[in-house]
Amino acid sequence: MDTIFAVSSGQPPAAIALLRVSGPGAVAAAEALAGELPPPRRAGLRALRDPADGGLLDRALLLWFPAPHTATGEDLVELHLHGGRAVVRAVEACLARQPRLRPAEAGEFTRRALANGRLDLSEAEGLGDLLMAETEAQRRAALATAEGAVRRQVEGWQDRLLMLAAHVEAMLDHADEEDVADDFGALENIRSGCEALGAELAEVLAAPPVERLRDGIRVVLAGPPNSGKSTLLNALADREAAIVSPIAGTTRDRIEAPVVRNGIAWVLTDTAGLAENTDDPIERIGIARAEEAMQRADLLLWLADDPAPEIEGVQVLALHPRADLPGRGAVPSDRIGLSVAQGWGIVELWSEMERMARGLLPREDMLALNRRQQDLLHDAACALADAAAHHDPLLIAEELRRARAAFDRVTGRADVEGVLDALFGRFCIGK
Amino acid sequence: MSPFDVIVVGGGHAGTEAAAAAARRGARTALLSFDLAKLGAMSCNPAIGGLGKGHIVREVDAFDGLIARAADRAAIHYRMLNRSKGAAVQGPRVQADRVRYAAAIQAMLRGQPGLTLIEGEAEQLLVQQGSVAGLLLADGTRLSARAVVLATGTFLGGRIFRGEDREEGGRVGERAATVMGVQLRDLGLPMARLKTGTPPRLDGRTIDWAALDEQPSDAEPWTMSAMQSGRVLPQLFCAVSRTTEATHAIIRSGLDRSPLFSGAIGAPGPRYCPSIEDKVHRFGDRDGHQIFLEPEGLDTPLVYPNGISTSLPVDVQEAMVRSIPGLSRTRIVTPGYAVEYDYVDPRSLNPRLALGAMPGLFCAGQINGTTGYEEAAGQGLVAGANAAAFACDLAPLLLDRASSYIGVMVDDLVLQGVSEPYRMLTARAEYRLTLRADNAPTRLSARAEEAGLLGPERLAWVRARAAARIGLEQRFDTRLSASMVAANGGQVSQDGAVRSVREWLRFPGVALEQLLPEGLEDVPAALLAEAVEDARYAPYTERQQAELAEMRANDHIRLPEDFGYSAVPGLSAEMVQRLSTARPTTLGAASRVRGVTPAALAAVLVHARKVVA
C-alpha cells in the first residue's frame with residue numbers, strides 16, 4: 001500500500017505548516033529526512049535534509065505515532081515545518097522521491113481512517129465538517145458529530161426500532177408460543193410504538209440542516225433595477241463586492257459574497273434587477289437566474305416597494321431602501337428603513353437577520369444532521385409512519401425492515417441478527 | 001473399485017435428499033449408511049414443517065425432492081401455523097408417523113434409477129492430487145467417485161449427556177462416525193462444537209388424555225407436496241399441557257446435576273429450542289411452559305412431549321414428567337438427553353456447499369451447524385445437485401436470497417457461519433413477501449427443470465400448472481367498474497373508477513368471487529389462492545424490486561475464490577479476517593458479511609476491478 005502525505009494545516013504561507021505522512025512507509029521516509037526519530041508520541045526538533053545531497057531543508061518539530069492507534073490507523077508522522085511556500089514545496093518534493101510515497105488525494109486520510117475502522121461513516125462526515133468549519137457554531141456542531149453524537153442518537157433509536165421489530169417478528173415466527181402475545185392489543189402497542197418513534201424522528205428532522213452552519217445562510221437581495229441592491233450588498237459585506245453605478249441593470253448576473261459576522265456564516269447574493277419588460281437577452285437570463293436564486297434562498301431581502309413574493313421555505317425581510325431620498329422619508333411599519341449613504345438602518349437590519357438566523361440554524365444542543373443523514377432518517381420516519389398505519393403484522397414488519405435498512409446506512413452497520421438477539425432475549429421461545 | 005460419480009455418506013434427511021437429487025441429475029450415485037433400515041429416520045420430534053421450515057419443505061418439493069411427499073404419506077396430523085396472517089408467514093406443519101415416514105423415504109430411494117444403497121461404515125476419504133477420489137469403507141471396500149457428500153449429522157465426535165452419564169455416539173443405539181471426524185480434523189478444516197437436546201419419550205397408554213385440551217388436525221385438505229391430494233392416513237389429535245410450579249421446583253432441585261449447568265457441556269445450544277431447565281432458569285418469572293403431546297405414529301403408543309427437551313438425570317426427568325397435569329402416572333420409555341457434536345464452520349464452504357479446501361467434497365445438514373430435518377433436506381438438495389454437477393460437468397445449482405429460503409439459508413451459512421444450531425425463521429428472509437410457502441413451484445420450477453431435477457410426472461404437472469396460471473392472469477386483466485363490483489356485493493366506494501381484477505384485489509372489502517363470480521371452477525384452489533395473494537401484496541413486492549435489482553447487480557460482480565484481501569489497499573486487519581473467513585464469491589455476498597463497512601466494500605470493488613483488468 002502507498003504511503004501518503006499532505007499539508008494538513010491549510011495552505012501556506014503561514015507561520016507553521018503541519019505536514020502529515022501516513023502509511024507503512026511513513027517512519028522510513030521520516031528517518032530518511034531526519035535521521036534518528038524521537039520516541040513515539042514525543043516531539044523532537046530535527047534538521048530535515050534532502051537524502052539525495054544532504055542539503056538542509058528546514059529545522060522542524062517531528063512527532064510520530066505507531067499504528068494502529070492513530071488517526072488513520074496506520075503509522076503516522078507529523079512534521080511541523082516553517083510555513084513558507086518554498087520550504088513546504090522542497091520537503092514535499094523530497095518525500096515524493098521516497099519509495100511508494102505520493103501526495104494524498106482529497107479526503108484520503110479520512111478514507112483510510114474509515115477503512116481501518118477508526119471512524120464510522122457518521123463520524124467521518126462530522127470530521128469532514130470539522131475540517132471545513134470556520135465559525136464557532138460550526139466547530140461545535142461538527143465536533144459533536146465527530147465525537148459520535150449522531151451515532152449514539154441513531155443507535156438509541158435503532159435499539160427501540162429493533163425492539164419493535166422483535167415484537168412483530170415474534171408474532172410472525174413464534175405465534176404458537178404462549179409467551180408471545182398475539183392479539184389486537186399487542187399489535188396496537190407495536191403500532192403506537194412505531195408512531196411515537198416516527199414522530200420523534202420527524203421532530204428532529206424538522207430542525208434545520210447542518211449545511212447552513214457549514215456553508216452559510218443563503219441571503220438573496222432582490223428587487224427592481226436600481227433599487228440599491230448592490231450598494232446594500234457592499235455595505236453588508238463591508239467591501240466592494242459588487243459594481244455600483246446609477247445605471248439601471250449594472251448587475252447582470254448573480255454576485256456572491258460570503259460574510260462571517262458574530263460567529264454566523266452568511267452567503268449574500270446580489271441579483272439582476274427584476275425588470276418588468278426587457279428586450280435585452282442577457283438581462284433576461286440575469287432575471288431568470290435571480291428568480292432561481294430567490295427559490296433557493298433561506299432569506300430574501302426584498303427591496304421593491306411592491307409586496308414581497310411568497311416562496312415556500314423562504315423567509316422574507318421587506319426593506320424600504322433609499323429612505324434618505326425626497327418623498328421616501330415615511331417608512332412603512334412592516335419594513336426596515338435603510339439608507340446606505342447615510343448609514344441608516346444597517347445595524348437594525350443585521351440584528352433582525354441574526355434574530356432570524358437563530359431559527360434557520362440548528363441549536364447548539366441539538367443533533368446536527370447533514371443532508372445524507374437527514375434523507376436516510378426521513379426514509380426511516382416515513383417507513384415508521386407507514387408501519388403505524390398498517391394492521392397486517394406482515395406489512396408492519398416489512399416497513400420496519402425498511403426503517404432498519406435506513407438506520408443501518410447512517411452508521412454503516414446492518415444485521416438481522418440484531419432483531420433475533422432482541423427477540424430471544426425477551427421472549428421465552430421454544431417448545 | 002465400483003465406479004460412481006457421487007457418494008453420499010449418511011442416510012438422514014440431508015443424505016437421502018442429496019443422493020436422490022444427484023441421481024435425478026443423472027449421476028451414478030451411492031448412498032452409504034450404517035443401517036439401511038434406518039434411512040429416513042426422524043431422530044428427534046415426529047414433525048415436518050413449521051414457520052420457515054414449511055417453506056423449505058415446499059421448495060425442496062418444487063425440485064421434486066422427497067421430504068414433502070414422504071411427509072404426506074406418513075402424516076397423522078396437519079396444522080397450518082399462522083393461518084390468520086398473510087400467506088407469506090403461513091407455515092404448513094405435519095405430525096408424521098415415524099415408521100411410515102422412513103418407509104416412504106426408503107421406497108422412493110429404492111425406486112430412484114441410478115441410485116445404489118450401500119450398508120457400511122465410511123472409514124476414510126480417498127484423495128488423489130488434493131481432490132476427492134472416493135471412499136474406503138470399514139470392511140475394506142473401495143468406492144471410487146469424483147464427488148463425496150458428507151451428511152453425517154451429529155455422528156462426528158458425538159457425545160451424549162444424561163445427568164451424570166456420558167456416552168459416545170450419535171442417536172440412541174447407533175455408532176458414532178468418529179473415524180471420519182479424525183480425518184476431517186486432519187484436513188485442517190475449521191471445526192467447533194454445538195449442542196442439541198431431545199425430550200423423554202412417553203408411553204401414551206399412561207397419559208390421562210381426557211384431562212387435557214385437544215388440538216385436532218386441520219379440516220382443510222391442504223398437503224405438503226404439490227403431487228399429493230387429500231389425506232392418506234387417519235388423522236390423530238395432539239394434546240396440550242403445561243408445566244407447573246411443582247415441575248419448576250423439581251427442575252431447580254436437579255440443576256446441579258444437569259450437564260448444562262455443571263459445566264460439562266460448553267457448546268452453545270439453540271436459543272429457539274432451549275431445554276426445559278434453560279427455560280426455567282432464564283425465565284424464572286413464568287409460572288408455566290406449554291407442552292404439546294405429539295403421537296409418534298399410528299401403531300406405537302410412543303408420545304413426544306414437545307417443549308421439555310432435557311439432559312437432567314433420569315430420576316429427575318421422571319419426577320418432572322409426573323408433576324405435569326395429565327401425566328401423573330405416565331411412564332418414560334426413553335429418557336431425554338443432550339448431544340454435543342462437531343460441525344464444520346460453514347464459512348469454509350462455497351454457495352454450492354463444496355469445501356474450498358478439497359475439490360469434490362460437499363457437506364450438508366447438521367455437519368454444517370444447522371438443526372432441523374427441513375434445513376438438512378434443503379442443504380441435501382443443494383449439495384447433491386452440485387456434487388452431480390461437479391462429477392458430471394453440469395451447470396451448478398445456485399440459489400440466491402431472492403429466490404428461496406434455501407438460498408437465504410445457504411447464503412447465511414457460507415457468509416456468516418453459525419453461533420448456535422441454525423434454524424430457519426421467516427425473519428431471516430428480507431424478501432419474505434415474495435418467498436411464500438404457497439408459491440414455491442412458481443418461484444423454482446423453471447430452475448428445477450433447467451437443472452434436470454424433475455421427473456416426468458412432475459414435469460407434466462409443472463407444465464399444466466404454468467398454462468393454468470397464464471389463463472388465470474388473463475382473467476385477472478379483466479377490467480371492472482366500481483358499480484359492477486358493488487353489484488356483486490363488494491364494499492367499494494362509487495368513485496366511477498375502472499380497475500383490473502388484480503387492482504381491485506388490493507381493496508380490503510373486495511373478494512375474488514365478487515370480481516370473477518364464475519369461470520374459475522376448473523382452476524385448482526391452491527393456484528387461485530396464490531394468484532390472489534400475489535395481487536394483494538403486489539405494491540409491496542414491486543417496491544422491493546429496486547432493492548432486489550441492486551442485490552443481483554452486486555451479485556454479478558464476481559470475486560475470485562482465492563481473492564487476496566490482505567493485498568487490498570486500505571482494508572483493516574479486521575475486515576481482511578472477516579472477508580477471508582467467509583470468502584464471498586461476489587461483491588453482493590461481501591456486502592452481506594457481518595460487520596463489513598461500505599468503505600471496505602468500496603476498497604474491495606476497486607481492487608477487484610484492478611485484479612480482473
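Visitor: Where does A:Pro68 lie?
Guide: A:Pro68 sits in the loop between β4 (56–65) and β5 (76–82) of chain A. Keep in mind that this is a predicted model.

Visitor: What kind of peptide bond joins A:Ala67 and A:Pro68?
Guide: A cis one, with omega at about 0°.

Visitor: Which residue of chain B has a positive phi although it is not a glycine?
Guide: B:Asp64, with phi of about 65°. B:Asp64 belongs to the loop between α2 (53–62) and α3 (67–74) of chain B.

Visitor: Is B:Asp64 buried or exposed?
Guide: B:Asp64 counts as buried, because it has 26 C-beta neighbours inside 10 Å. The cut-off for buried is 20 or more.

Visitor: And what is phi of A:Asn226?
Guide: Near 65°, a positive value in a residue other than glycine. A:Asn226 is placed in the loop between β7 and α9 of chain A.

Visitor: How many other C-beta atoms does A:Asn226 have within 10 Å?
Guide: A:Asn226 has 19, so it is partly exposed.

Visitor: What does UniProt say about A:Asn226?
Guide: An unreviewed UniProt entry gives "binding site" for A:Asn226, and also for A:Ser245, A:Ile247 and A:Thr250. The "binding site" feature, again from an unreviewed entry, is also placed at A:Ser230 and A:Thr251.

Visitor: Where is A:Ser230 found?
Guide: In helix α9 of chain A. A:Ser230 is buried, because 22 other C-beta atoms lie within 10 Å.

Visitor: Let's do the sheet. What is the strand order?
Guide: The order is β8-β9-β7-β10-β11-β12 in chain A. That is an open sheet of six strands with mixed pairing. The edge strands are β8 (255–261) and β12 (336–337) of chain A, and each pairs on one side only.

Visitor: What does helix α9 of chain A touch on that sheet?
Guide: Helix α9 (residues 229–237) packs on the sheet and touches β7, β8 and β9 of chain A. The direction of α9 makes about 160° with that of β9(A).

Visitor: How many bridges join β11 of chain A to β12(A)?
Guide: Two, and the strands run parallel. Strand β11 covers residues 315–320 of chain A. A:Leu319 has A:Ile336 in β12(A) as its bridge partner.

Visitor: Next, α10 of chain A. How far does it reach from its first C-alpha to its last?
Guide: Helix α10 (residues 281–296) of chain A reaches 23 Å with 16 residues, close to the 22 Å expected at 1.5 Å a residue.

Visitor: Which residues are buried in α10(A)?
Guide: A:Gly286, A:Ile287, A:Ala290, A:Ala293 and A:Met294. Viewed down the axis of α10(A), the buried residues fall within an arc of 120°, so they line one face of the helix.

Visitor: Why do residues three or four places apart point the same way?
Guide: Because an α-helix has 3.6 residues a turn.

Visitor: What do the buried residues of α10(A) pack against?
Guide: Against β7 (217–222), β9 (264–270) and β10 (299–302) of chain A. The face turned away from the buried side of α10(A) carries exposed residues: A:Pro281, A:Ala288, A:Gln295 and A:Arg296.

Visitor: Zooming out, how many helices and strands does chain A have?
Guide: Chain A has 14 helices and twelve strands. Of its 431 residues, 43% count as buried.

Visitor: And how much of the contacts in chain A with a separation of 6 or more come from residues 24 or more positions apart?
Guide: Residues at that spacing account for 60% of those contacts.

Visitor: Where does B:Gly11 lie?
Guide: In the loop between β2 (6–9) and α1 (13–24) of chain B. B:Gly11 counts as buried, because it has 30 C-beta neighbours inside 10 Å. Beyond four places in sequence, its contacts include B:Leu31, B:Ser33 and B:Lys38.

Visitor: And B:Gly15: buried or exposed?
Guide: Buried, because 29 other C-beta atoms lie within 10 Å of B:Gly15. B:Gly15 is placed in helix α1 of chain B. Among the residues B:Gly15 touches, beyond four places in sequence, are B:Leu31, B:Ala151 and B:Gly380.

Technical notes:
Residues numbered from 1 in each chain as written. Chains lettered and ligands numbered in written order. Predicted model: local features only at pLDDT ≥ 70, side-chain atom pairs only at ≥ 80, totals over all residues. Helix = DSSP H or I, 4+ residues; strand = E, 2+ residues; numbered from the N terminus. Buried ≥ 20, exposed ≤ 12 C-beta atoms within 10 Å, placed from the backbone. Contact = placed C-beta atoms within 7 Å. Expected span 1.5 Å × (residues − 1). Arc of directions from axis to C-beta. Pairing = 2+ DSSP bridges. Axes fitted to C-alpha atoms, helices over the stretch in contact; angles between N-to-C directions. UniProt positions renumbered as here; feature names shortened; annotations may be inferred.
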